[in-house]
Amino acid sequence: MPKKTPAADLATPSDLGGKNARGVAEVLNAILADSFALYLKTKNFHWHVSGPHFRDYHLLLDEQATQILGTTDQIAERVRKIGHTTLRSIGHISKLQSIKDNDAEFVSARDMLMELREDNLALVKQLREAKEIVDEAKDNATSGILDEWTDLAEQRAWFLFEAAREG
């Protein structure tokens, strides 16, 4: 009997082929890293927003952060369902994230909204690219969920666009 490795203990059976499952897991882990980066940036701006529209922006950003965090478990569980492992630490997130952190001491409310809008649109682009990969892998379950996540990110970008408009 072959000796089991710890990785074998986590290898959930999946009907997706090895190469296909690996590609789906990689793209989902990148989306997960960006989702955590976007969540933390949104909370950062929620905590530090100021100005005449404070209450509206504070509530909007909290709502959006909650929505983003709500997708993270779904993303990670999709990776596990197809037999792979997912993110394990903040360091792992930082290696995979493409959404840039914002550690500035002060960011104007309007700049916060515009930056988050652009980050959400970048996530939409990433989700659309992932859709091609999961469709090629014939991963119908992930494909359907990607549609939902894309719609949520588009809605966040739209709300941020409208809230940041001047006039």
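Guide: Welcome! A pocket is an open set of points on a 1 Å grid over the protein atoms alone, with protein on both sides within 12 Å along at least five of seven lines; lining residues have an atom within 4 Å of a point. This is a predicted model, where local features need pLDDT of at least 70, side-chain atom pairs count only at pLDDT 80 or more, and totals for chains, interfaces and linings use all residues. Residues are numbered from 1 along each chain as its sequence is written, and side-chain values use heavy atoms, without hydrogens and water.

Visitor: How much space lies in the largest pocket?

Guide: Its volume is the space filled by probe spheres set on grid points joined across faces, edges and corners. For the largest pocket this comes to about 270 Å³.

Visitor: Which residues lie closest to its centre?

Guide: The lining has 16 residues. Helix α2 (residues 18-48) gives the largest share, 6 residues. Closest to the centre are N44, F45, N102, D103 and A104.

Visitor: Which helix gives the largest share of the lining of the second largest pocket?

Guide: This pocket holds about 160 Å³, and its lining includes F36, L40, I93 and D101. Both α2 and α4 (90-96) supply at least two lining residues. With 4 residues, the largest share comes from α2.

Visitor: Is N120 buried or exposed?

Guide: N120 sits in helix α5 (residues 109-136). Leaving aside residues up to four places away in sequence, N120 touches L38, Q64, A153, R156, A157 and L160 (heavy atoms within 4.5 Å). Its relative accessible area is 0%, and under 20% with a 1.4 Å probe, protein chains only, counts as buried. So N120 is buried.

Terms used:
Buried means under 20% relative accessible area, exposed over 50%, partly exposed in between (1.4 Å probe, protein chains only). On a 1 Å grid over the protein atoms alone, a cavity is a set of points where a 1.4 Å probe fits but cannot get out, and a pocket is an open set with protein on both sides within 12 Å along at least five of seven lines; lining residues have an atom within 4 Å of a point.
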